[in-house]
Amino acid sequence: MIKLYDGGAYLVDGYQIVEDGPDAAAQITQMVGENRVLSKEEAKKNTIAYNILKEHNTSDSMEKLKIKFDKLTSHDITFVGIIQTARASGLTEFPIPYVLTNCHNSLCAVGGTINEDDHMFGLSCAKKYGGIYVPPHQAVIHQYAREQLAEGGKMILGSDSHTRYGALGTMAIGEGGGELVKQLLEQTYDVDMPGVVGVYMEGMPQKGVGPQDVALAIIGAVFENGYVKNKVMEFVGPGIANLSADYRIGIDVMTTETTCLSSIWRTDEEIRHYYSVHDRIECYEHLEPGDVTYYDGMIHVDLSKIKPMIAMPFHPSNVYTIEEVKANLMDVLEDVEKRAQVSLDGKIDFSLKNKVQDGKLYVDQGVIAGCAGGGFENICEAADILRDHHIGDDAFTLSVYPASTPIYMELAKNGVLADLIATGAIVKTAFCGPCFGAGDTPANNAFSIRHSTRNFPNREGSKIQNGQISSVALMDARSIAATAANKGFLTAADEDLPIFTHQSYYFDKTIYANRVYNGWGNPQPDTELQFGPNIKDWPEMSALPENLVLKVVSEIHDPVTTTDELIPSGETSSFRSNPLGLAEFTLSRKDPAYVGRAKEVQKAEKARTAGEDPVAVLPELQKNMDVIQITFEDVNFKNTGIGSTIYAVKPGDGSAREQAASCQKVLGGWANIAQEYATKRYRSNLINWGMLPFLFEEENLPFANDDYLFIPGIAKAVQEKQEKIAVYVVNKGMEKFYVKLGNLTDNEREIILKGCLINYNRK
């Protein structure tokens with residue numbers, strides 16, 4: 001089904017794989033002749049990814065890239081903070097097309113007026129700065145980008161982690177808001193040349209196997225071992241020709257869950273047809289690797305052997321075939337429950353065994369939604385499976401969210417909408433809520449199956465801190481429909497196949513033409529921005545002090561810590577435009593004591609910077625400073641900042657939301673300490689908010705929660721690019737250990753020294 005090569009591999013003429021090794025050159029010579037054999041370094045330049053990156057690189061080095069993107073896109077959880085940051089840095093107009101979609105806070109159901117206030121702020125910004133504004137319920141961010149923004153050979157940067165349009169020939173990257181701010185200020189996205197891993201597809205999917213099944217199989221094979229972490233996945237091979245554009249898109253969007261940096265696919269007439277249907281044929285570009293191309297790794301996918309899959313709680317990589325789950329039901333559930341206790345810290349009872357009835361696993365809810373599940377083909381084939389069935393009158397429910405109004409319109413015209421409603425399913429407007437816990441929250445102890453992007457704890461909306469627990473498994477729309485047809489008993493789509501109607505899609509461009517505000521190229525600088533009472537400016541942030549005293553205020557030993565655990569999704573999204581208001585939710589589901597601890601330390605720093613005595617508000621500081629001054633006589637509260645830090649083994653898996661870092665910063669955080677960072681985007685978020693992304697790679701942790709750490713000469717260490725930085729555990733007799741900062745660009749060092757990106761850019 002999925003094979004990972006131990007090392008690199010060559011792709012010859014787009015169809016033949018030659019594993020790297022001493023005999024590789026001879027094999028290639030035999031295939032193509034001596035005059036076409038390339039060195040490994042030259043063959044690396046034949047990837048699609050290399051050539052797109054080269055076209056967008058503004059530096060004189062292909063090892064140290066400085067990328068300028070063609071377009072930007074954000075949604076209503078992120079665009080307010082991004083524009084507020086850019087405004088503070090002197091923004092006058094958007095230099096490239098910037099799309100503001102409203103697909104996350106669309107319901108306007110929590111927090112009074114504040115969600116719609118954000119939308120009106122976005123519209124006024126689109127007018128003032130020359131942007132594109134997509135009103136609520138028109139389209140989820142990534143579907144609008146596919147339909148209206150993607151172009152062959154171009155690059156898009158989005159402030160959502162699932163910014164992936166590789167199937168359409170567009171290299172897209174999801175990053176925290178700070179990276180979009182840099183593009184708005186005509187700066188660059190700085191990154192080392194990433195490795196490129198080939199994803200070689202052959203064969204044809206079996207009937208009933210959908211794109212989510214293929215995606216989950218790949219995620220299960222590569223997530224835990226980090227095979228594609230921070231690399232580009234390049235999809236090649238003859239099997240691609242057997243996949244429709246929608247199918248490819250459905251696989252592509254889930255590449256985010258592998259922790260790769262981006263994705264790109266070879267393109268063909270199927271993708272040309274996609275652009276033609278959307279009346280943008282001029283945006284198509286034929287892309288394929290060179291005759292002899294070298295990849296840093298190779299994933300071999302036999303599409304014909306993939307079965308309907310399920311990712312059990314609480315991670316997209318916790319993957320089984322549905323067939324395997326049903327054959328070994330109680331053993332699988334036992335394993336899931338054991339894994340769950342790691343994610344839930346044993347704070348709450350969790351069981352799925354009570355979902356077994358007559359030897360079958362019963363599901364309480366099905367959801368087909370968003371950028372992954374809400375595509376036209378997914379919904380049409382789900383309707384084919386459900387036709388002549390109904391979901392029943394018991395607890396099981398089914399919700400379907402088409403990814404855009406044009407898709408919704410076509411479903412209405414071709415009768416699929418009526419077919420779905422007749423089954424008892426509820427068809428709703430375009431909305432990302434079910435993907436992040438703001439829509440269709442199930443009952444306590446319920447089990448939901450979703451064709452969406454993630455199944456982290458609380459992604460369905462329950463709250464562990466309130467004693468609530470429900471859970472999500474990821475499945476393809478087709479198997480969700482088969483389960484719904486069986487009134488909630490887990491069923492794979494290939495168990496009883498219908499006749500698929502293969503509906504054709506017709507895109508109605510007037511829907512967007514009549515409703516989307518497009519001000520690109522026509523800024524109106526006299527437009528007054530429309531603020532709501534919840535839209536607040538960022539608080540002042542100081543430069544990195546000469547020395548630092550840090551109190552450890554949270555210690556997390558989970559194998560991976562998601563951004564959802566750092567700052568919860570769901571209803572907290574309503575406060576995204578209020579930095580201090582949102583910060584109150586930081587780590588609330590993982591470590592509810594964190595906010596109080598961090599604030600206590602922050603009071604001391606505020607007193608210090610105001611010229612007052614920090615010991616007066618945090619008396620325990622005095623004994624720690626006394627210990628420090630025995631070794632470092634010149635250290636005092638005038639040259640030493642006071643802040644907090646957290647430790648996590650591997651933080652930052654999941655969302656690109658910069659608030660996972662900024663909330664810590666506005667509460668006085670100065671650093672994270674980690675074994676490694678789960679994603680580049682989380683580490684970038686720390687840096688852009690002036691936080692030190694420390695690495696401590698040894699097994700035995702020399703400090704614990706509530707310990708004080710002293711870092712002498714930290715500003716000098718950053719400035720002078722010191723490889724190892726000494727840290728002292730003050731309350732353990734000044735026990736010394738070392739941390740690293742990893743690779744930092746000169747600009748990133750300057751951002752940290754200035755205290756944050758806003759300070760770095762402030763005129």
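Colleague: Why is Lys45 called partly exposed?

Modeller: Lys45 comes out at 34% relative accessibility. Buried means under 20% relative accessible area, exposed means over 50%, and partly exposed is in between, with a 1.4 Å probe and protein chains only. So Lys45 counts as partly exposed, and Glu42, at 39%, counts as partly exposed too. Keep in mind that this is a predicted model, where local features need pLDDT of at least 70, side-chain atom pairs count only at pLDDT 80 or more, and totals for chains, interfaces and linings use all residues. Residues are numbered from 1 along each chain as its sequence is written, and side-chain values use heavy atoms, with hydrogens and water left out.

Colleague: What makes Lys45 and Glu42 a salt bridge?

Modeller: Side chains of opposite charge can pair when their charged atoms come close. The label needs a side-chain nitrogen of Lys or Arg within 4 Å of a carboxyl oxygen of Asp or Glu. For Lys45 and Glu42 the closest N and O atoms are 3.4 Å apart, and the pair is a salt bridge. The structure holds 34 of them.

Colleague: How do you know that Asp268 and Arg248 link distant parts of the chain?

Modeller: Their side chains meet in a salt bridge at 3.0 Å, N to O. Asp268 is in the loop between β13 (262-265) and α10 (269-277), while Arg248 is in helix α9, 20 residues apart. Helices (H or I, at least four residues) and strands (E, at least two) are DSSP runs, numbered from the N terminus.

Colleague: Are Asp268 and Arg248 buried or exposed, and how do you know?

Modeller: Asp268 has a relative accessible area of 13%, so it counts as buried. Arg248 is at 0%, so buried is the label there as well.

Colleague: Why are Asp335 and Arg339 said to be about one helical turn apart?

Modeller: Because Asp335 and Arg339 are four residues apart in helix α12 (residues 329-344). An α-helix has 3.6 residues a turn, so residues three or four places apart point the same way. Asp335 and Arg339 form a salt bridge, with their closest N and O atoms 3.1 Å apart. Asp335 is partly exposed at 29%, and Arg339 is partly exposed at 42%. Salt bridges that share partners also join Glu334, Glu337 and Lys353 into one network.

Colleague: Now the rings. Why is the pair Tyr10 and Tyr294 called edge-to-face?

Modeller: Rings of Phe, Tyr and Trp (its six-membered ring) pair if their centres lie within 6.5 Å; planes under 30 degrees apart count as stacked, over 60 as edge-to-face and the rest as tilted. By this rule there are 22 aromatic pairs. Tyr10 and Tyr294 have ring centres 4.9 Å apart and planes at 70°, so they are edge-to-face. Tyr10 lies in strand β2 (residues 9-12) and Tyr294 in strand β14 (residues 292-295), so the pair ties together parts that are 284 residues apart in sequence. Tyr10 is buried at 7%, and Tyr294 is buried at 6%. Elsewhere, Tyr647, Phe696, Phe703 and Phe737 form one aromatic cluster.

Colleague: What makes Lys724 sit over the ring of Tyr738?

Modeller: The rule asks for NZ of Lys or CZ of Arg within 6 Å of the ring centre and within 35 degrees of the ring normal. The charged end of Lys724 is 4.6 Å from the centre of the Tyr738 ring. Lys3 lies over the face of Tyr5, at 4.4 Å from the ring centre.

Colleague: What makes α6 mostly covered?

Modeller: Seven of the eight residues in α6 are buried, among them His142, Tyr144 and Arg146. α6 (141-148) and α17 (433-436) each supply at least two residues of the lining of the largest cavity.

Colleague: Which residues are closest to the centre of that largest cavity?

Modeller: The space in the largest cavity is about 190 Å³. Of the 21 residues that line the largest cavity, the closest to its centre are His104, Asp160, Cys435, Phe436 and Arg459. A cavity is a set of points on a 1 Å grid over the protein atoms alone where a 1.4 Å probe fits but cannot get out, and lining residues have an atom within 4 Å of a point.

Terms used
On a 1 Å grid over the protein atoms alone, a cavity is a set of points where a 1.4 Å probe fits but cannot get out, and a pocket is an open set with protein on both sides within 12 Å along at least five of seven lines; lining residues have an atom within 4 Å of a point. Grid points are joined across faces, edges and corners, and a volume is the space filled by probe spheres set on the points.
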